Amino acid sequence: MNWDHSSPTLVNVTFSANKADIEGGGMKNFETSNPTLTNVTFSGNIALYSGGGMSNENYCSPTLTNVTFFNNRAIGATGVGGGVDNHYYSSPVIRNTILWSNAPDQVFNELDSTPLITYSDIQGGSAGVGNIASNPNLLAPANNGGFTLMHALRFDSPAIDAGDPANCPLTDQRSYFRPADGDSVPGARCDMGAFEFAARAPFLFLPLILR
């Protein structure tokens, strides 16, 4: 939980199979907490009331870049925000992000919360520049390189080369290089989500041994 002006920077992290009795199964941001998340996966987290993946409450507006929310749930009878719940003037910036198969919904906004969502794949659709609403064809969580489990994009994913050309991290969650040319259109462009399809692994510098 990030509480009262707590704004950490999180890079290359996975939140998986966590459970909250009330809000924020993966992450709870409260009281003007504005973390920055880049290349982060929220998978299979559960909250009883709201924010299965993430809950933002009371002037909390995190910045999410290339984040994947998949199969997170708010399980109560009146649960909302399976992926992300924004409550009471909480308006995150969400770009290059995938929100899919979260239940009962992907993003729930209440009490003057107006997130800015661009170049993202949102199940059910979302207004905003570059957004799509097509199944991202995510594979099951696996060790795809790097140090964390994450969802890879299948070869036919519409999220490939669909991210914001002006906002692309240098690497993905595995520390593989972005952008990579992963579709049939010439030219490399950032993918949506934490995984970059067809990306190159980082260079390995081995010590030189002289004999």
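On the surface, I22, L48, Y49 and I75 come together as a nonpolar patch with about 370 Å² of accessible area between them. Patches here take in residues with over 30% relative accessible area and no salt bridge, with nonpolar side chains (Val, Leu, Ile, Met, Phe, Trp, Tyr) joined within 5 Å and like charges within 9 Å; a salt bridge is a side-chain nitrogen of Lys or Arg within 4 Å of a carboxyl oxygen of Asp or Glu. Areas come from the Shrake-Rupley method with a 1.4 Å probe, and for residues only the protein chains shown count as cover. I22 sits in the loop between β3 and β4 and is exposed, at 55% relative accessible area (exposed is over 50%, buried under 20%, partly exposed in between; 1.4 Å probe, protein chains only).

All of this comes from a predicted model, in which local features need pLDDT of at least 70 and side-chain atom pairs count only at pLDDT 80 or more, while totals for chains, interfaces and linings use all residues. Residues are numbered from 1 along each chain as its sequence is written, and side-chain values use heavy atoms, with hydrogens and water left out.

Turning to the strands (DSSP runs of E, at least two residues, numbered from the N terminus), β3, β6 and β9 line up in that order as an open, parallel sheet. The edge places go to β3 (19-20) and β9 (73-74), each with a single partner strand, so one side of each has no neighbour in the sheet. Pairing takes at least two DSSP bridges, and β6 (residues 46-47) has two to β9, with I46 opposite R73.

Strand β7 (residues 54-57) is covered on both faces: M54 and N56 are buried on one side, S55 and E57 on the other. Four bridges tie β7 in parallel to β4 (residues 27-30), where F30 has E57 as its bridge partner. Another parallel pairing, again of four bridges, links β7 to β10 (residues 84-87), and here S55 faces D85.

Then there is N102, placed in the loop between β12 (98-100) and β13 (107-110). A polar atom of the N102 side chain lies 3.3 Å from the backbone nitrogen of N71, and one lies 2.9 Å from the backbone nitrogen of N72. Neighbours within four places in sequence aside, N102 is in contact (heavy atoms within 4.5 Å) with F69, F70, N71, N72, G82, G83 and Q123.

Definitions and conventions
A polar contact is a pair of N or O atoms within 3.5 Å; within protein, one must be able to donate a hydrogen and the other to accept it, and residues adjacent in sequence count only if both atoms are side-chain atoms.
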